[in-house]
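Try each task before reading its solution.

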Amino acid sequence: MRRLFPVTDQTPSAEVPGPGPAVDREWTFDELADAYAYPASLQGAAAGPGAAVDSGTAAGPGSAVDSGTSAGPGMAVDPGAVVESAVGGRAWLRANMVSTLDGAAHYDGLSQPISSAADMRIFGTLRGLADAVVVGAETVRLEEYRPARARQAFAARRAAAGQAPAPAIAVVSAGLNLDFSLPLFTEPPVPTLLVTGAEAPADRIRAAEKAGVEVLIAGEGPGADPARTVRVLAERGFARLLTEGGPRLLGQFVAAGVLDELCLTLSPALTAGYAQRIAAGPGPAVPERFVLVSLLEQDGFLFARYRRARPPADVS
């Protein structure tokens, strides 16, 4: 993997330890975790049930303090790249999505065919840093979601940040047409959450609760309001949020103006067809502007990290 942006050393020397921008090698999980760290202002935030006692320490061995920039190996923090380094006590919502060169978010309904080994390492890293993974019910069904697992590579970092051993999965659904006997609901290391609206089918809410699933109400209608979803999860103690889509859920977060960060993998593939984009549905009144924070490359795949270029929407 190579860091293409920001570039801090144009002439790396083979005699100097540590990779420069042109050095292509597999990064460790610690290095990836530093490069994708959440804002430092989230350190010490509660992390939901099962969280370790928070000592207020940094994010783990070798981690860089994130002041709004990416901090990949050998990279100095660039104050000029700071975009919203403080979140003022609210949750931070980042999205992780993959897209082909022609804008397809999946192939034949699945993201795996347009992914790569490096993409999956970043996928695992982003999960390893999150308090909760927010995902739409359709994606749960199509991708056959399983619980996030505790991974040794992130154990010390999560403990130091006061997090549970693994992120919770928060499924956003209006109809609650889900099989509550699946491992996602019966075998998670951290209880799976169901986020819905006050007018969701009462029988399905009862079925979920009977199966031991915690139901969070984040809207007055049948479905969850995207801004309230972020607030309700923050109130529940989940400050570091990661959404993996699908496109309709991400589109709702974009339209509501509550997406703080986008981690986008650009796959060197063309698929044509009629696949959805990474975000679908009605958009905001004006285009949402984001700023490039970092850009990595491996095997022709580009891994971009963008952050919001303006203050977030008020979700209070």
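**Exercise 1. Decide whether Asn96 is buried or exposed, and list what Asn96 touches.**

Start with the ground rules. This is a predicted model, where local features need pLDDT of at least 70, side-chain atom pairs count only at pLDDT 80 or more, and totals for chains, interfaces and linings use all residues. Residues are numbered from 1 along each chain as its sequence is written, and side-chain values use heavy atoms, with hydrogens and water left out.

- Step 1: Asn96 has a relative accessible area of 8%, so Asn96 is buried. Buried means under 20% relative accessible area, exposed over 50%, and partly exposed in between (1.4 Å probe, protein chains only).
- Step 2: Asn96 sits in strand E2. Helices (H or I, at least four residues) and strands (E, at least two) are DSSP runs, numbered from the N terminus.
- Step 3: Skipping residues up to four places away in sequence, Asn96 touches Phe123, Leu126, Leu242, Thr243, Glu244 and Cys263. Contact means heavy atoms within 4.5 Å.

**Exercise 2. Find where Met97 is placed and which residues are in contact with Met97.**

- Step 1: Met97 also belongs to strand E2. Its relative accessibility is 7%, which means that Met97 counts as buried.
- Step 2: Leave aside neighbours within four places in sequence, and the contacts of Met97 include Glu244, Gly245, Pro247, Leu250 and Ile278.
- Step 3: Leu264 is another contact of Met97. The two are 167 residues apart along the chain, yet their C-alpha atoms are separated by 5.2 Å.
- Step 4: Now zoom out to the protein chain. Among contacts between residues at least 6 apart in sequence, 73% join residues at least 24 apart.

**Exercise 3. Work out the strand order of the open sheet and name its edge strands.**

- Step 1: The open sheet of 10 strands runs E1-E9-E10-E8-E2-E7-E3-E4-E5-E6, with mixed pairing. Two strands pair if DSSP finds at least two bridges between them.
- Step 2: Strand E1 (2-5) and strand E6 (214-217) are the edges, as each pairs on one side only. From one strand to the next, the twist averages 25°.
- Step 3: Follow the parallel pairings. E3 (residues 132-136) and E4 (residues 168-172) share five bridges in the parallel sense, and Val135 stands opposite Val171 in E4. E4 and E5 run parallel with three bridges, and E5 and E6 run parallel with four.
- Step 4: Look at Leu193 in E5: Ala170 stands opposite this residue, while in E6 its bridge partner is Glu214.
- Step 5: Both faces of E5 (residues 193-196) are covered, with Leu193 and Val195 buried on one side and Leu194 and Thr196 buried on the other.

**Exercise 4. At what angle do the axes of H7 and H8 cross, and which residues meet?**

- Step 1: The axes of H7 (residues 226-235) and H8 (residues 247-256) come within 8 Å and cross at roughly 95°. That makes H7 roughly perpendicular to H8. Axes are lines fitted to C-alpha atoms, for helices over the stretch in contact, with angles from 0 to 180 degrees between N-to-C directions. Angles under 35 degrees count as roughly parallel, over 145 as roughly antiparallel, 65 to 115 as roughly perpendicular and the rest as oblique.
- Step 2: Pro226, Ala227, Thr229 and Val230 in H7 meet Gln252, Phe253 and Ala256 in H8.
- Step 3: Val232 and Leu233 are among the buried residues of H7.
- Step 4: Finish at the ends of H7. At its start, a side-chain oxygen of Asp225 reaches to within 3.2 Å of the backbone nitrogen of Ala227. Just after H7, Gly237 takes a positive phi of about 105°.

Terms used: Polar contact = N/O pair within 3.5 Å; in protein donor to acceptor, adjacent residues only side chain to side chain.
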